Structure formats: structure tokens, C-alpha cells
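Please open the structure in the viewer and colour it by chain.

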Protein chains: 2
Amino acid sequence: MTAPAIVHTISALRAALAPLRAGGIAMVPTMGALHDGHLSLVRLAEAPAVVVSIFVNPTQFAPHEDFDAYPRDLERDIAALAGTGREILVFAPGAREMYPDGFATTVTVGGPGAGLETDFRPHFFSGVATVVAKLLLAALPDTAIFGEKDYQQLLVIRRLAADLSLPTRIIGAPIAREADGLALSSRNAYLDGRARQVAGNLNKVLKDVIARAHETGDLRDAERYGAETLKAVGFDSVDYVAIRDAETLAVAGTLDRPARVLAAARIGRTRLIDNMAL
Amino acid sequence: MTAPAIVHTISALRAALAPLRAGGIAMVPTMGALHDGHLSLVRLAEAPAVVVSIFVNPTQFAPHEDFDAYPRDLERDIAALAGTGREILVFAPGAREMYPDGFATTVTVGGPGAGLETDFRPHFFSGVATVVAKLLLAALPDTAIFGEKDYQQLLVIRRLAADLSLPTRIIGAPIAREADGLALSSRNAYLDGRARQVAGNLNKVLKDVIARAHETGDLRDAERYGAETLKAVGFDSVDYVAIRDAETLAVAGTLDRPARVLAAARIGRTRLIDNMAL
């Protein structure tokens, strides 16, 4: 078990990666507050060298969102990474390193980036696409691993990488879940006893939506059923329950192509998302 | 004198560059219709291997602009490149290779990209920034050379490369000029006898503007003088004559920092640009 090395600048990152490049480099971009979901991404890396970036990216938070409250504990994160037994380089840049004076570039992704999360967080994916492009260009890994938990984000990043010919293969990793099926998320830390109990129903309701969609073939009805059931089990509001094409996120009319059900719902001020293959 | 090799796909480009990478790679992105200005960029390349991309990028033309009329002659371009005596790899992708089905990514650059050309060609720099990002990521050259003729574009690309941590150094190259000082441009091919004569005054008027700015210190007056003089010598309209900070393109108030005068003016349907250091 080796303690991960830490670098804070892009030039130090590139210098540290240079001797590792021939053997292959995998990257796991994160915002820290690492949980078993993140660690499962690290374990999935096939390359001998793994770069884990830890950067709470201000540009993907709206002013009213939880940027200041977002959990940060670099020492705990590093201890968690040490526990994976992998050779890890942590890239933990400051905001000045990522967004120096005069920074003026924005990467936007339409297609899978339209709708769903964008309807509720309009600047989210441009913030994500810009910072992920920069992180991938800073490290130039052979592969980068993103969790399916943020399924729309995964598709946006796949699209970005294909469109700009990034020299990095994007890998999606299965969602890690608690015993009751709740998808692991750094934001679960915000949930107290009762809210935590309600949250555990999100994945169960998605399973019910899938069953109903297969049963009736009426996908819009299954979505409505899902939103109503989420409210009935204690969610305060539902941003969306949507059955979409699994590759393009276009509205799915029938189930003759791979589809995905995606949902976002709120308990108090905590917003949870989840998704499953149909 | 070796005939340049030609590749049409990103995968063939990467395969051809792989054995050359250790020695160093320079890139000169062009839209073809190569003239001595382009060839001077190629000659400036310090790396032993030079990639010249030839792609008339549809996304940087507005519907009313000259995309269809833009001169294209790949064989002539290749002969011109052969004449440089350099080892050149030509990357000539089709539109499908650069913009495959479902393409949805746009790179925008504010800062130096705001105003001037953007006031008259609102989508120009997002088209340029997106395609240049993709070209640079396809080839991953050590250096890329852009002419100062498109001075605002050069600053936009410098900003883009710095902001996204592209692993490529951006080099600006001096403007190549005809005997009468007209900046070389593929669009000069549109100019007939009288128009060509008028065009030759653009660089002379910029020199007068610079002299007047130094003389009076009144930069706005010098700009007005420039616009009026261009019309007096036969230009049909003047988009702008502007004295700007040479690094940020912010409006220059005084001449205590490096400044640049930039101009765009039209003769009939032909739009010419030029610029000079003050």
C-alpha cells in the first residue's frame, strides 16, 4: 500500500506522467469526497498508472447551488485512494491553475447535453465539458473512467471526446449502490435519517417504472407513474422521470432500441439522480 | 524535393505521425488555396516533420459568405508544398471526417474573440476555435504556426490553447506582403484590376493611421481618419479601423503598452483585413 503522490500544477502533472506514459495511463476525474463508487472506478482502470483528479469545479455550480457546502477532505480522499492498492497520482489543482486570469474558453455540447439535467441546471454541462476537456488535455490519458451514475454526463463526455478527437478512450462504469439500492453519491452525506430512508426508494421506483414500461409499452404513462410514486414515497419534488434512447438520450417512443430511464428528485434541498437500463 | 504524403482520416494521420513524434512535429492549419504567406509559415517550422492541414471549414462561414466560391485546388496546393523542400504530411479530411453524424460540440472563446471580426461575423471564431481544437487534437503537434494576418484569430487560438492546456505551443508568423504591401490572402484572387489597385492602399492607410496616432496621441481620431481615408481611396465600406492592446485586444487608450491597429474593409463583395504593430 503506497501513499499516492500529489501534484497541484499541470506542469508538475505532465512531468510526473512523462516516465509512466509508455506503460499506459488511466484517469478518474472527480470532485473529491471520494466514496466506494469512485474507488470502483479506480479499480476498473486497466493501465498501471492511474491519475485521480480532485477539483471541485466552480463553473458547474449555479449561484444558488452547493459549491461552498460541497464536502472537501483531501486527506481523507488520499487515505481512501491508498486503500485501493493501486499506484495513484493525485492531481489536485487550485482554481487559479485551472482558470488563470483572462480565461475565456467554453466548451458546449448539444445532442445528449440538451434537456434533462440542462432543463434544471442550464450551465452545468458547459462547466463539466470545459473542465473535463482541460483535465483530459492536461494529463492526456489513454483511458478515462466516468460513472454511469451521471449517465447524461457520461454521454456528453463521450460526445465531446469523439467530436474533438480527444486522444482518450472514455469508459463508463456501473453504478455502485448501498444495500438498499441507493446510488452512492457525495451528496448522500446531506441526508439525515428520514431523508435517507426516502432516498432509498428512488432506485426501487425506477425498477417499477421499467416493469410498467415493459408491461404496457406506454412509456409516457410509465414516466408519469414514476413521478407520482416518487412524490407518494416522500420526495418533495420531482425534476424528471424520463425514458430515453440509451445512446442519444432522444425521447424513446418504443423499446425496440436500448433505452434508459433517468430521474432527478429532491428531498428538502438535496437533489438526487439515478438511472437504469431498461 | 519530395512529394508530400497525403492522408484523409484522423486515424491515418495519427498512424503516419507516430514514428515522427519523437523528432518533433509542427503543424500549419490552412484552408488550402496556398500562397507564399502559407509557405512562409511552413518554412518557419523548426520541427523536422510538418503537418499541413487543408480543410475549408464550413462552420466558420455564414450562409451569405463565400464558402462555395472559396478557391480549392488540392493538386496545386500539393505542388506548392513540394516546392518548400520540407518533409510534409498533408492532412486533407472531408467534412464527414471532421463533423461526423451527431457532432454537437462547440468551442467558444470570449476575451480576444469579442468585438472586431465578431461584430461582423458573429459565428466565425466559434467555427475557427472548434475546428482548430479538433485539428490540433488530431495531430497533437509540438508547435502550430498561424499567420499574424489573421491577428485576432491568432490571439483567440493562443487563448484557447492556454485555457484548455493544449499540449501545443502556438507561434505567430509575420504577414507576407505583395510588392505594394497588400497582405497575401487567398481572397485576393477575387480582386480584378481596379479593385486590386484599391486593395493595395489598405496597408498604406494603416501606416498613416499609426503615424497620426503617434503624432497626436488621439487614438480615436486616428481610427476615424483611417476609416475616412479608406473610403476616399476607393473602398466601398469599412467594417472597422481599431487601435487595440496587442495582447488582449482591449480598446487602447494610450500607447504606453504594445498596441496594434486592425482594419477590415470591403471592395464590392470582397472583404479584406490587415493589421500592424504600432
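The model is a predicted one, in which local features need pLDDT of at least 70 and side-chain atom pairs count only at pLDDT 80 or more, while totals for chains, interfaces and linings use all residues. Residues are numbered from 1 along each chain as its sequence is written, and chains are lettered from A and ligands numbered from 1 in the order in which they are written.

Next, display the interface. Here 24 residues of chain A are in contact with 23 residues of chain B (C-beta atoms, placed from the backbone, within 7 Å). On the side of chain A that touches chain B, the elements that give two or more residues are strand 5 (105–109), helix 6 (124–139) and helix 7 (151–163). Helices (H or I, at least four residues) and strands (E, at least two) are DSSP runs, numbered from the N terminus. Strand 5 of chain A gives the most to this side, with five residues. Because 96% of the interface residues of chain A are also interface residues in chain B, the copies meet through the same surface.

Finally, select strand 5 in both chains. The two strands run antiparallel and are joined by five bridges; strands pair if DSSP finds at least two bridges between them. Among the partners, A:Thr105 is bridged to B:Val109.

Methods. Two residues are in contact if their C-beta atoms, placed from the backbone, lie within 7 Å.
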